[in-house]
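Please look at the sequence and the structure shown below, and keep both in view while you read. The report starts with strands, goes on to helices and ends with aromatic rings.

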Amino acid sequence: MEDPFSSTPLATIILDDWIPKIGMEFDSRDEAWKFWVDYGGKMGFGVHKDYSNKSRKDEIVTSEKFVCNKEGFREIDKRDHLSKVPRAETRMGCLVGMKIIYDRKKCKYHLSDFNGEHNQDLHAPICVHLLRSQRNITESQAVEVDLAYDVGLTQKKAFELFGVKSGGREHIGFLPLDQKNYLRTKREKGLQFGEVGSLLMSFKNQASQDRSFFNAFQLDNDEQITYIFWVDGRMRMRYELFGDIVTFDTTFATNKDHRPLGREQVIFGASLLYDETQASFDWVFNTFLEAHKFKKPTILFTDQDIVMGNAIHVVMPE
């Protein structure tokens, strides 16, 4: 008896499951989008969402289209002629895409239209992990990123560790930039206005009672506070008397969010630092000197941190 499936090998059926076909059904828009992202990764192109239509009656998305990231053309920017290094053109009018429509009777989305013909070269498999649409920090990876940060691993060392665990950087699923953005976003959520606002209000109250009170803070490009420094009149007086020898050690104490807290046993100032980069130490040492009328200590003890030492040579080379 002839095998009815002999002309269509099982392997072919499995491999074809990831190729879009008219009539395919999805339980949700998210499921359809994940299918399109996976298809783009297997083929070697980036993806994005083109448009969606929503019903005014019940706010249900009735149709949506997913396309290649090179779809369409970039609009002409009148400022382009002012740029010394114009942005590279990334869109090439590619028509690849798939459209889904909502079926109210089945409460599902079905694939109604698909175009798979590209007008540009596709990425090689070894480069697919670099595509923006293929990069994502999963929940389990987020836990590992947080853990690495909490134990004091630098972002570079942590990323190298993730690469070893995953069997190569191309198998991690995200780039160092994504890791950096994740930590920055988490920090921004943690530094709520109530916390920072309370601290600044405390500074304001101290300044009204102590004419010698001094505080400074540094903002990043997104106008988020990254470094804070303050001294009061008693700290300034102590430094004037005992400031010839200073000890600076960020491991002396940390707050609950594991931010380095720089302070001395006879306190001359206090500083909350987001990280321990040379830029951070450059800022805190310069601000420290500004607060103390640029009087430099004769001897400065540290915990032999190389980055801190580099900052000291820049700010206080003598």
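All seven of the seven residues of strand β7 (residues 225-231) are buried, so the strand is largely enclosed by the rest of the structure. Here buried means under 20% relative accessible area, while exposed means over 50% and partly exposed lies in between, as found with a 1.4 Å probe and protein chains only. Helices (H or I, at least four residues) and strands (E, at least two) are DSSP runs, numbered from the N terminus.

The model is a predicted one, in which local features need pLDDT of at least 70 and side-chain atom pairs count only at pLDDT 80 or more, whereas totals for chains, interfaces and linings use all residues. Residues are numbered from 1 along each chain as its sequence is written, and side-chain values use heavy atoms, with hydrogens and water left out.

**Strands**

Two strands pair if DSSP finds at least two bridges between them. Strand β6 (residues 214-219) and β7 run antiparallel and are joined by six bridges, and β7 is also joined to strand β11 (residues 270-273) by four bridges, again in an antiparallel way. Phe 229 of β7 stands opposite Ala 216, and Phe 229 also stands opposite Ser 271 in β11.

Elsewhere, five strands form an open sheet in the order β1-β5-β4-β3-β2, with antiparallel pairing. Because β1 (25-26) and β2 (47-54) stand at the edges with a single partner strand each, one side of each is left without a neighbour in the sheet. Within this sheet, seven bridges pair strand β4 (residues 97-103) with strand β5 (residues 108-115) in the antiparallel sense, and Tyr 102 stands opposite Tyr 109 in β5.

**Helices**

Axes are lines fitted to C-alpha atoms, for helices over the stretch in contact, and angles run from 0 to 180 degrees between N-to-C directions. The table gives two helix pairs.

| Helix pair | Axes come within | Axes cross at roughly |
|---|---|---|
| α8 and α9 (residues 306-315) | 8 Å | 45° |
| α3 (residues 139-150) and α4 (residues 155-166) | 10 Å | 135° |

The angle therefore makes α3 oblique to α4, and α8 and α9 are likewise oblique to each other. In these terms, angles under 35 degrees count as roughly parallel, over 145 as roughly antiparallel, 65 to 115 as roughly perpendicular and the rest as oblique. The crossing of α8 past α9 is right-handed, and α3 passes α4 in a right-handed crossing as well; a crossing is left-handed if the near helix is turned anticlockwise from the far one by less than a right angle, and right-handed if clockwise.

**Aromatic rings**

Rings of Phe, Tyr and Trp (its six-membered ring) pair if their centres lie within 6.5 Å, and planes under 30 degrees apart count as stacked, over 60 as edge-to-face and the rest as tilted. By this rule there are 21 aromatic pairs. In one of them, the ring centres of Trp 36 and Phe 45 are 5.8 Å apart and the planes stand at 70°, so the pair is edge-to-face. Trp 36 is buried at a relative accessible area of 0%, and Phe 45 is buried at 1%.

The rings of Tyr 239 and Phe 288 are also edge-to-face, because their centres are 5.2 Å apart and their planes are at 90°. Since Tyr 239 lies in helix α7 (residues 233-242) and Phe 288 in helix α8 (residues 278-291), the pair ties together parts that are 49 residues apart in sequence.
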